[in-house]
Amino acid sequence: MNEATTPTDEVLTLEELAAYLKVSETTAYTLVRGGEIPGRKVGREWRFLKARVTHWLMQAGEEDMEKTGFVQRDELGGEFKQEGGQEYVALWLPITREEKAAQIEKATRDGVNVSELVADYLRNWVKA
């Protein structure tokens, strides 16, 4: 890499891509031909930006987390997870621990779902 090249704009050949991913050239080529790895054909040869390949690897990890239901953060910093095709959003409620305990106790006593009570609590809080 020369002085004008930064690690973010380093260009890899197919052979270098395979070495970077620690896979055979055949496996790398299969991934490229399948459109899984971002690259560009220049003439008869493939070229890849190392930063984009790294980003692709990181996204694969996020997709795995979605499948297993790990909590993630969206672009605004909100927490969510995906499980069984459903997205669950975490809310930070303006509620004290005592109020939370009272809501859970009320749900248990009334035989209702805690989520319904939380939704009612939020509706009333927004109106206030």
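1. Strand 2 covers residues 40-42 and pairs with strand 3 in the antiparallel sense over 3 bridges; pairing here takes at least two DSSP bridges between two strands. The two strands form a hairpin with 2 residues between them, and glycine 43 in the turn has a positive phi of about 65°.

2. A word on the source: this is a predicted model, where local features need pLDDT of at least 70, side-chain atom pairs count only at pLDDT 80 or more, and totals for chains, interfaces and linings use all residues. Residues are numbered from 1 along each chain as its sequence is written, and side-chain values use heavy atoms, leaving out hydrogens and water.

3. Strand 1 (residues 11-13) also pairs with strand 3, antiparallel over 3 bridges, and leucine 12 stands opposite phenylalanine 48. Strands are DSSP E runs of at least two residues and helices H or I runs of at least four, numbered from the N terminus.

4. Leucine 21 is in contact (heavy atoms within 4.5 Å) with Ile37, Val53, Trp56 and Leu57, leaving aside neighbours within four places in sequence.

5. Just after helix 4 (residues 97-110), glycine 111 takes a positive phi of about 70°.

Technical notes:
The expected span of a helix is 1.5 Å times one less than its number of residues.
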